[in-house]
Amino acid sequence: MRYVSTRGDTPPLSFTQAVVTGLAPDGGLLVPEHIPQVAERLNDWRALGFVDLAKKIIGLFVDDIPAETLDELIVRAFSTFDHEDIVPFAPLPDEAPVQILELFHGPTLAFKDVALQLLGQLFEYILERDNKHLNILGATSGDTGSAAIAGVRGLKSVDIFIMYPHGRVSPLQELQMTTISDANVHCLSVDGSFDDCQTLMKDIFNDAPFKSEYSLGAVNSVNWARVLAQIVYYGYASLHARGDADVSFCVPTGNFGNVFAGYLAKRMGFPIDKLIVATNSNDILSVFFRTGCYQRGDVHFTVSPAMDIQVASNFERFLFYHFDCDATRLREFMTAFSTTGTATVDELPSEDDFLATAVSEEQTLGAITRMYEQYQYVVDPHTAVGIVASERFQTAGPKVCIATAHPAKFPESVERSINGVSVRHPTLEALADLPSSTTRVAADVDAIKAIITANSR
Ligand SMILES: *Cc1c(COP(=O)(O)O)cnc(C)c1O
């Protein structure tokens with residue numbers, strides 16, 4: 001399988017090239033040259049557990065890693081999950097109107113682990129094979145740094161440097177990063193805001209000689225391997241949900257990476273009906289699916305912070321398919337959007353594929369309350385956005401809501417919504433007793449570069 005850029009100006013790449021490339025050199029996103037079709041294999045695949053299904057699905061997209069090696073990487077990636085089904089369905093009664101697929105059984109208790117645990121293994125394999133070393137630099141406002149760190153901790157071929165704004169991430173989120181003691185993990189507590197961290201990141205990546213001398217890379221959300229890993233749970237859930245008809249998924253959405261994987265799973269032929277895009281009050285995507293107009297706005301801070309996103313980095317992949325893989329039309333759309341802050345499609349995406357809706361803070365917290373009162377089941381605020389969305393649409397078949405984080409990661413919202421209940425998780429409780437280490441650093445390009453230089457191998 002070869003990978004092409006949505007902008008059409010990059011020669012086709014192999015899978016491993018696509019993984020180390022991330023963003024295509026022409027500014028586009030990498031997509032597979034064709035979408036493999038699986039409908040005829042589904043009867044056999046129904047009997048497979050998550051990991052064995054992952055081997056089948058991922059294998060369709062990879063032809064430059066020996067099959068046996070790829071299978072080993074997949075097994076190792078998901079060995080860090082604490083549930084035997086990897087992505088189990090929540091124990092709700094049969095009559096519940098929505099089923100819940102728990103994607104939070106990885107090391108940092110969030111769905112990003114599914115993709116980043118695999119990405120870490122792939123990096124290690126490719127870098128060792130090519131005798132290379134990578135320094136990953138990232139910035140986090142709190143939520144995603146720990147999953148990136150957990151994906152690469154302990155790897156020989158990778159060092160990771162994660163910047164976060166000093167004193168502005170929650171104590172829990174900070175501990176999830178700073179208690180990781182592996183020598184290749186470097187947490188940088190920056191005297192500045194998250195915006196400062198992002199600016200530092202851009203400035204350092206723009207220094208081409210430094211970037212190349214220290215083999216600087218990113219683990220950004222546009223990496224193709226992340227989408228690929230996510231296709232697996234859509235396939236798995238579509239084959240294992242209760243009910244016979246095609247499954248609709250409600251997906252708490254920020255960067256559109258998660259729900260885009262669902263779209264590909266549908267196009268591959270898994271029994272999937274609608275994809276319900278659930279946003280919080282950052283509603284650029286829900287407006288787009290209803291009006292065809294994609295318009296940048298201001299970011300609102302909500303109780304579902306991982307979805308506080310205006311411009312969805314993975315959306316370009318969907319637009320490429322919406323434009324029938326016509327890179328010229330895609331480029332025109334993206335240029336209009338980046339120069340004017342708004343762009344419109346002539347034809348709305350089909351409601352056979354996507355439905356979309358935005359959910360307020362009050363509705364989100366209300367869903368946490370309701371799920372607990374009805375089922376004694378606690379959802380996190382991101383999942384709660386998906387639950388509200390699921391209630392707004394009738395579908396012919398079963399609805400599955402994707403649970404993207406464990407509720408214990410967001411104790412304030414849970415305690416606000418449910419009187420007298422606090423949720424715990426042993427992994428998070430253990431953090432307080434672990435030694436933690438971070439380097440406090442000025443919001444200064446040279447100071448960050450000095451740390452990378454000093455720790456470079
Ligand atoms: C990242 C994240 C999301 C949003 O996923 P996208 O792929 O960006 O749409 C939702 N919930 C949680 C908890 C997340 O960490």
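Residues are numbered from 1 along each chain as its sequence is written, and side-chain values use heavy atoms, with hydrogens and water left out. In this predicted model, local features need pLDDT of at least 70 and side-chain atom pairs count only at pLDDT 80 or more, while totals for chains, interfaces and linings use all residues.

## The sheet and strand S6

Helices (H or I, at least four residues) and strands (E, at least two) are DSSP runs, numbered from the N terminus. An open sheet is formed by 5 strands in the order S7-S4-S5-S6-S14, with parallel pairing; two strands pair if DSSP finds at least two bridges between them. S7 and S14 are the edge strands, each pairing on one side only.

| Partner strand | Bridges to S6 | Bridge partners |
|---|---|---|
| S5 (residues 158-165) | 6, parallel | Pro165 and Val190 |
| S14 (residues 439-442) | 4, parallel | Val190 and Val441 |

S5, helix H7 (residues 171-178) and S6 make a right-handed β-α-β unit. A crossover is right-handed if, with the strands pointing away from the viewer, the path from the first strand over the helix to the second runs clockwise.

## Helix H8

Ser193 caps the N-terminal end of helix H8, with a side-chain oxygen 3.4 Å from the backbone nitrogen of Asp195. H8 (residues 194-206) has 13 residues and reaches 18 Å from its first C-alpha to its last, close to the expected 18 Å; the expected span is 1.5 Å times one less than the number of residues.

Cys197, Leu200, Met201 and Ile204 are the buried residues of H8. Seen down the helix axis, they fall within an arc of 100°, so they line one face of H8; the arc is that of the directions from the helix axis to the C-beta atoms. The face turned away from this buried side carries the exposed residues Asp195, Lys202 and Asn206. The buried residues of H8 pack against several elements, including S4, S5, S6 and helix H19 (445-455), where contact means heavy atoms within 4.5 Å.

## Helix H12

In helix H12 (residues 284-291), the buried residues are Ile284, Leu285, Ser286, Phe288 and Phe289. Among the elements that cover them are strand S9 (272-279), helix H14 (327-340) and strand S12 (354-358). Gly292 follows H12 and has a positive phi, near 85°.

## Two loop residues with positive phi

Most residues other than glycine have a negative phi. Asn131, which is not a glycine, has a positive phi of about 55°. Asn131 lies in the loop between helix H5 (112-129) and S4, and its relative accessibility of 73% makes it count as exposed. Gln376, also a residue other than glycine, has a positive phi near 50°. Gln376 is placed in the loop between helix H15 (361-375) and helix H16 (381-391), and at 56% relative accessibility Gln376 counts as exposed.

Terms used: Buried < 20%, exposed > 50% of the residue type's maximum accessible area, 1.4 Å probe, protein only. Polar contact = N/O pair within 3.5 Å; in protein donor to acceptor, adjacent residues only side chain to side chain.
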